[in-house]
Amino acid sequence: MLFEKDWANVLFILACVLVGLFLVLKVAQQYAKCLYKSWLANPSTPLDVDEFVDTDKNPPKYLKIAFGHMLMGAGRRKPSEGSVKLASTESPHVPGLQVTERAEARPGSTSKVSPNAVTISID
């Protein structure tokens, strides 16, 4: 055997497993940090999300963010290049409530595009 006592073997193997897990965690954290930085840069916008938070006192939890984005599929989403025309319509659920939807929302929609229709553009 490697060592003369069985408990020494167990401790050695346990230490190797813990060091291995620690290294995997550190690599995953660095990968998640790189993903986070690339998501902030793509698409490039003048809005810096981290500008509103003191990142020295409250740093982003990169693994949590990356895991959440990948779990929800948001990390693979590509932003649309064009604008979205919106229309106002009567809510089917609440009488008298006006709601917005895409101007070309669905067949049979009663949406009316007003001359002052809002256009959302992600530039």
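User: Happy to look at this one with you! What share of the contacts in the protein chain with a separation of 6 or more comes from residues 24 or more positions apart?

Analyst: Those residues account for 47% of such contacts, where contact means heavy atoms within 4.5 Å. Please keep in mind that this is a predicted model, in which local features need pLDDT of at least 70, side-chain atom pairs count only at pLDDT 80 or more, and totals for chains, interfaces and linings use all residues. Residues are numbered from 1 along each chain as its sequence is written, and side-chain values use heavy atoms, with hydrogens and water left out.

User: Why is Ser 91 called buried?

Analyst: Buried means under 20% relative accessible area, exposed over 50%, and partly exposed in between, with a 1.4 Å probe and protein chains only. Ser 91 has a relative accessible area of 11%, so it is buried. Ser 91 sits in the loop between strand 1 (83-90) and strand 2 (98-102). Leaving out residues up to four places away in sequence, Ser 91 touches Leu 97 and Val 99.

User: And why does Asp 50 count as buried?

Analyst: Its relative accessibility is 19%, and therefore Asp 50 counts as buried. Asp 50 belongs to the loop between helix 1 and helix 2. Apart from neighbours within four places in sequence, its contacts are Tyr 36, Leu 40, Thr 55 and Pro 60. The C-alpha atoms of Asp 50 and Pro 60 are 8.4 Å apart, with the two residues ten apart along the chain.

User: What makes up the largest nonpolar core?

Analyst: Five residues do: Ala 32, Leu 35, Tyr 36, Tyr 62 and Ala 66. A nonpolar core is a set of buried Ala, Val, Leu, Ile, Met, Phe, Trp, Tyr and Cys residues joined through side-chain atoms within 4.5 Å. Helix 1 (6-41) and helix 2 (62-72) are the elements giving two or more residues to this core, and helix 1 gives the most, with three. Helices (H or I, at least four residues) and strands (E, at least two) are DSSP runs numbered from the N terminus. Leu 35 also has contacts with Ala 66 and Met 70, setting aside neighbours within four places in sequence.

User: How does the span of helix 1 compare with what is expected?

Analyst: The expected span of a helix is 1.5 Å times one less than its number of residues. Helix 1 has 36 residues and reaches 53 Å from its first C-alpha to its last, close to the expected 52 Å. Among its buried residues are Ala 8 and Asn 9, and helix 2 is part of what covers the buried residues of helix 1.
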